[in-house]
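Where does the nonpolar core lie, and which strands pair around it? This report takes up both topics in turn.

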Amino acid sequence: MKRTALFFALGLIMASVVGVNAQVIDDNADVVGLSVEKQPMCVEILEVFEPKPDENAIFQVVETQPEFPGGMAELMKYLQKNTRYPKVCKEQGLQGRVIVQFVVNADSTITDVNVVKPVNPYLDQEAVRVVKAMPKWKPGEQRGEPVRVRFTLPVTFRLPADTVKVDAVSADKK
């Protein structure tokens, strides 16, 4: 019985590929005759169905990455112009790189801003503030549709060499 079912399933698969003629006498019998006829098959694909991405899904990797207006060079200018060094950190000579993650939504807005690698609470707060204040980005795309994408951005706080007393990253590791 199982062997007959297996041959029957195998026959269906082969029939869809090259065309098969098989004869089965009954459920307890083996396949009596099996002949394969090579016939050219013509398959016309009318439409490829690709499901649309879930509107709430947050992508890590997409076909087209989100982009700050004007590109990365403009993003760096924006960060330099709009980041205010916290006075307390400046007085203490603290510096470091805060790693911030956020989501660029399909409507170009920035949401879900959080610090993934903190340096100092004051520097972290300033990095979050400047990211939240950014203008709308060009959204990322998947299959030609705008989607939500998680983006990671380092925000570096650096003082002139003569004013540095402590590197906040090194101080945290001690």
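What follows covers the core and then the strand pairing of this predicted model.

**Core.** The largest nonpolar core has 26 residues. Those with the most contacts inside it are Val-100, Phe-102, Val-131, Met-134, Trp-137 and Leu-153. Five elements each supply at least two residues of this core: helices H2 (72-82) and H4 (121-132), and strands S4 (94-104), S5 (110-117) and S7 (145-157).

Take Met-134. Leaving aside residues up to four places away in sequence, Met-134 touches Phe-68, Leu-75, Tyr-78 and Phe-102. Phe-102 is also among the core residues with the most contacts.

**Strand pairing.** Strand S7 contributes to the core, and S7 also pairs with S3, S4 and S6. The table lists these pairings.

| Strand paired with S7 | Sense | Bridges | A pair of opposite residues |
|---|---|---|---|
| S3 (residues 58-59) | parallel | 2 bridges | Phe-59 and Val-149 |
| S6 (residues 140-142) | antiparallel | 3 bridges | Gly-140 and Val-147 |

S3 runs parallel to S7.

How values were computed. Residues are numbered from 1 along each chain as its sequence is written. This is a predicted model: local features need pLDDT of at least 70, side-chain atom pairs count only at pLDDT 80 or more; totals for chains, interfaces and linings use all residues. Side-chain values use heavy atoms; hydrogens and water are left out. A nonpolar core is a set of buried Ala, Val, Leu, Ile, Met, Phe, Trp, Tyr and Cys residues joined through side-chain atoms within 4.5 Å. Buried means under 20% relative accessible area, exposed over 50%, partly exposed in between (1.4 Å probe, protein chains only). Helices (H or I, at least four residues) and strands (E, at least two) are DSSP runs, numbered from the N terminus. Contact means heavy atoms within 4.5 Å. Two strands pair if DSSP finds at least two bridges between them.
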